[in-house]
Structure formats: structure tokens, C-alpha cells
Amino acid sequence: MSVKALYQKYKDIVPYAVFGILTTLVNIMAYWFLAHPLKIEVMPSTVIAWFLAVLFAYLTNRKWVFHSMAKSAKEIRTEMISFFACRLATGILDWLCMLIFVDLLSFNDVIIKAGANILVIILNYVASKNVIFGRKDNRE
């Protein structure tokens, strides 16, 4: 396989990794701010941080990673619903990690949050590439 073919095959991994890291930072920083300075409980802080991170991820993935071609309000709405639905599935995984390892087992909340996000990033890439933005009518 040529270098050009490899680049074409994996061209969205680098920006996805960059925005994945930024999304993770949004999630962790939002969680920390809500849970520590604002003293909001673990689960509400986790849910709010997740929502903010998913919104950030949708906007960045749509434009700079997967180059969505959706233009109409209906196409964008469908894409956004699919994105949030897939992220909800991995968000549940994140919430379960926080519930089990922080609330039940009393592990460090920020370390667990970071570890859960690594798994979530990988699963989200697969869903975005193959389900949400992978449709031929939605790619360049």
C-alpha cells in the first residue's frame, strides 16, 4: 500500500485524536469544576460534563474530522441525533465507571474519569467513522 493510500485511509485519525484529547479535557475540566469548586455531587457533575463534551465533540468532529456534508436542517438534525445517541451509549459506560469506581469503591474521581475517557474515545471513533459520518452521502 502506498503512502498516499495509507494517508487517505487514516487521514481523520490525527484530527480525531487532537479533538478527542480536547474533548476529554472539556469533560474532565467541566467535571472537576462542577464537582470540586461548585461542590455538585459526582453523578450530576458527570452528566453535565458529558453533555458539554459531546456538544464540543459533535461540532469539531462534524467540521474538522469527518467533514460532514450535511447541509439541510433535517440532515444536520439526523446527524446530531445519531451522534448524541452513540455518545449516550458510551456516556453510560462513563457513568457506570464513575458509579462503580468512585461512588461504590471510593477510587480517585479524576483518575477514574481520565481512564474511562480513554475507552470512550476509542469507542466513539468507531461509531463516528462507521455509523454517523461514514455514510457515503455524508462524506467528501
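Predicted model: local features only at pLDDT ≥ 70, side-chain atom pairs only at ≥ 80, totals over all residues.

Trainee: What angle do α3 and α4 pack at, and how far apart are their axes?

Mentor: The angle is about 145°. The axes lie 9 Å apart. For reference, α3 covers residues 42–65 and α4 covers residues 73–104.

Trainee: How do the residues of that contact between α3 and α4 divide into nonpolar, polar and charged?

Mentor: There are 18 nonpolar residues in the contact of α3 with α4. Another three are polar, and five are charged.

Trainee: Give me a residue to look at. Where is F84 found?

Mentor: F84 is in helix α4. It touches W50, F51, V54 and L55, leaving out residues up to four places away in sequence.

Trainee: Is F84 buried or exposed?

Mentor: Buried. Its relative accessibility is 17%, and the cut-off for buried is under 20%, so F84 qualifies.

Trainee: Why does T90 count as buried?

Mentor: Because its relative accessibility is 8%, and buried means under 20%.

Trainee: Switching to S128. Which helix does it lie in?

Mentor: Helix α5, which spans residues 109–132. S128 is buried, with a relative accessible area of 0%.

Trainee: Which side chain makes a polar contact with that of S128?

Mentor: The side chain of R87, at 2.9 Å.

Trainee: What else does S128 touch?

Mentor: Besides R87, the list has N61, F66, F83, F133 and G134. That leaves out residues up to four places away in sequence.

Trainee: Loops next. Where is K39 found?

Mentor: K39 sits in the loop between α2 (13–35) and α3. Its phi is near 60°, a positive value in a residue other than glycine.

Trainee: What is phi of H67 near?

Mentor: Near 50°. That is again a positive phi in a residue other than glycine. H67 is in the loop between α3 and α4.

Trainee: How does H67 count on accessibility?

Mentor: Partly exposed, at 30% relative accessibility.

Trainee: Zoom out for me. How many helices and strands does the protein have?

Mentor: Five helices and zero strands. From the N terminus on, the order is α-α-α-α-α.

Trainee: What box do the C-alpha atoms fill?

Mentor: Roughly 50 × 35 × 20 Å, taken along the principal axes.

Trainee: What share of the residues is buried?

Mentor: Buried residues are 38% of the 140 in the protein.

Trainee: And how much accessible surface is there?

Mentor: About 8300 Å². Carbon and sulfur atoms hold 74% of that surface.

Trainee: One more. Of the contacts with a separation of 6 or more, what percentage comes from residues 24 or more positions apart?

Mentor: 71%.

Definitions and conventions
Residues numbered from 1 in each chain as written. Heavy atoms only, no water. Axes fitted to C-alpha atoms, helices over the stretch in contact; angles between N-to-C directions. Helix = DSSP H or I, 4+ residues; strand = E, 2+ residues; numbered from the N terminus. Nonpolar A, V, L, I, M, F, W, Y, C, P; charged D, E, K, R; others polar. Buried < 20%, exposed > 50% of the residue type's maximum accessible area, 1.4 Å probe, protein only. Polar contact = N/O pair within 3.5 Å; in protein donor to acceptor, adjacent residues only side chain to side chain. Contact = heavy atoms within 4.5 Å. Areas by Shrake-Rupley, 256 points an atom, 1.4 Å probe, with all protein chains shown as cover.
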